[in-house]
Amino acid sequence: MDWQSLTIVSSVLVFGSLENIFPFFDFKATFSQRTYPNLILGFFNVTANSLTIGVILHWIWRQKIWLGFLYYIKLPWLSICISFLLLDVYLYIWHRLMHSFAFTWRFHKVHHTEIWMNTSTAYRFHTVEVIPSNIPKLFLVWLFGIEPLHLLAYEMILAIGLIFHHSNWAIPHQLDKLLSYIIVTPNFHRLHHSQILRESQSNYASLFSIWDKIFKSYSYPKYPEKIKLGVTQHSHDLNGLKLILLPFQKPEHG
Ligand SMILES: [Zn+2]
Ligand SMILES: [Zn+2]
């Protein structure tokens, strides 16, 4: 197993154990009910990504026509910081756009239909959302000349962050609140998964929460235990096939 896969598996094991030993909400669904649909989507996304983004990245890093703006920055730490901030602010904008249009919401809604938010929710994204999300990212990598190692490091930290903030781990409230000033935490992200529209239209950040502060969408929940997760039109568990077909169907009611 390579070190990237090892990092992901370790994060799932650590946060998966913590959410079961110290749960925030009591799970009423079985392990298979709450994880299998998400893992099916995750499998599709990882396969589709490796068949598309990998090939294009290989071309970008081999071409010598345009080396990117970061090529002229000779301080490696500054280059890493700028790369991380660019990739993260892009993800913030993408996520906010997904909530802004009826058409994009159809696909992003799949992520929000989660009732039992847990570590596997980090993989609950529709493939039709995931694949196009790579196009502006690849453009950024090309335009700024983001280095392979810096992109890989960001993707790894992001993956750990997504597993962490989707976990059902009842992290101490004060610690969660303190961390939420810098990174996305479980309580901070739970509000984004709220059924109440005003609450779900806040906290769009994926790794650094600073973007929500800067773009005025930061909201820390006063009573996170009162948040009702999911979307009102889909109040029961959906299997993998139903999640894949969901964007192409009319809402059940409402
Ligand atoms: Zn969202
Ligand atoms: Zn989420």
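**A buried tyrosine and its surroundings**

Tutor: Tyr204 is buried, since 24 other C-beta atoms lie within 10 Å. Please keep in mind that this is a predicted model.

Student: Where is Tyr204 found?

Tutor: Tyr204 sits in the loop between α9 (197–200) and α10 (210–214).

Student: And which residues is Tyr204 in contact with, leaving aside its neighbours within four places in sequence?

Tutor: Tyr92, His95, Arg96, His192, Asp212 and Ser217 are in contact with Tyr204, once neighbours within four places in sequence are left aside.

Student: What separates the C-alpha atoms of Tyr204 and Asn134?

Tutor: Those of Tyr204 and Asn134 are separated by 18 Å, and the two residues are 70 residues apart along the chain.

Student: Is Asn203 buried or exposed?

Tutor: Asn203 is buried, because 27 other C-beta atoms lie within 10 Å.

Student: What about Lys216, buried or exposed?

Tutor: Lys216 counts as exposed, because it has 8 C-beta neighbours inside 10 Å. Lys216 lies in the loop between α10 and α11 (240–245). Its phi is positive, about 60°, although Lys216 is not a glycine.

Student: Let us step back. How many helices and strands are there in the protein chain?

Tutor: The protein chain has 11 helices and zero strands. Read from the N terminus, its elements run α-α-α-α-α-α-α-α-α-α-α.

Student: How does the radius of gyration fit a compact globule?

Tutor: A compact globule of 254 residues would have a radius of gyration near 18 Å, and the protein chain has 18 Å, so the two agree. The C-alpha trace spans about 55 × 40 × 40 Å along its principal axes.

Student: What share of the residues is buried?

Tutor: Buried residues make up 31% of the 254 residues in the protein chain. As for contacts with a separation of 6 or more, 72% of them are between residues 24 or more positions apart.

Student: On to helix α1, then. What span should its residues give?

Tutor: Helix α1 (residues 3–21) has 19 residues, which at 1.5 Å a residue should span 27 Å; its end C-alpha atoms are 27 Å apart, which agrees.

Student: Which residues of α1 are buried?

Tutor: The buried residues of α1 are Ser11, Phe15 and Glu19. They cover an arc of only 50° around the axis, so they lie on the same side of α1.

Student: Which residues are exposed on the other side of α1?

Tutor: On the other side of α1, the exposed residues are Trp3, Ser5, Leu6, Val9, Ser10, Leu13 and Ile21. The cover over the buried residues of α1 includes α6 (148–166).

Student: Changing topic, at what angle do α3 and α4 pack?

Tutor: Helix α3 (residues 76–100) and helix α4 (residues 102–112) pack at an angle of about 110°, and their axes are 6 Å apart. The two helices are therefore roughly perpendicular to each other. Leu97, Met98 and His99 of α3 make the contact with Thr104, Trp105 and His108 of α4.

Student: Lys109 is in helix α4 as well. Is Lys109 buried or exposed?

Tutor: Lys109 counts as buried, because it has 20 C-beta neighbours inside 10 Å, and 20 or more is what the term requires. Not counting residues up to four places away in sequence, Lys109 touches Val231 and Leu246. The C-alpha atoms of Lys109 and Phe125 are separated by 8.7 Å, with the residues 16 residues apart along the chain.

Student: Finally, which residues of α5 are buried?

Tutor: In α5, the buried residues are Glu129, Val130, Val141 and Phe144. What covers them includes α2 (31–62), α3, α4 and α6. Helix α5 (residues 127–144) has 18 residues and reaches 26 Å from its first C-alpha to its last, close to the 26 Å expected at 1.5 Å a residue.

Terms used
Residues numbered from 1 in each chain as written. Chains lettered and ligands numbered in written order. Predicted model: local features only at pLDDT ≥ 70, side-chain atom pairs only at ≥ 80, totals over all residues. Helix = DSSP H or I, 4+ residues; strand = E, 2+ residues; numbered from the N terminus. Rg over C-alpha atoms; globule rule 2.2 N^0.38 Å. Buried ≥ 20, exposed ≤ 12 C-beta atoms within 10 Å, placed from the backbone. Contact = placed C-beta atoms within 7 Å. Expected span 1.5 Å × (residues − 1). Arc of directions from axis to C-beta. Axes fitted to C-alpha atoms, helices over the stretch in contact; angles between N-to-C directions. Parallel < 35°, antiparallel > 145°, perpendicular 65-115°, else oblique.
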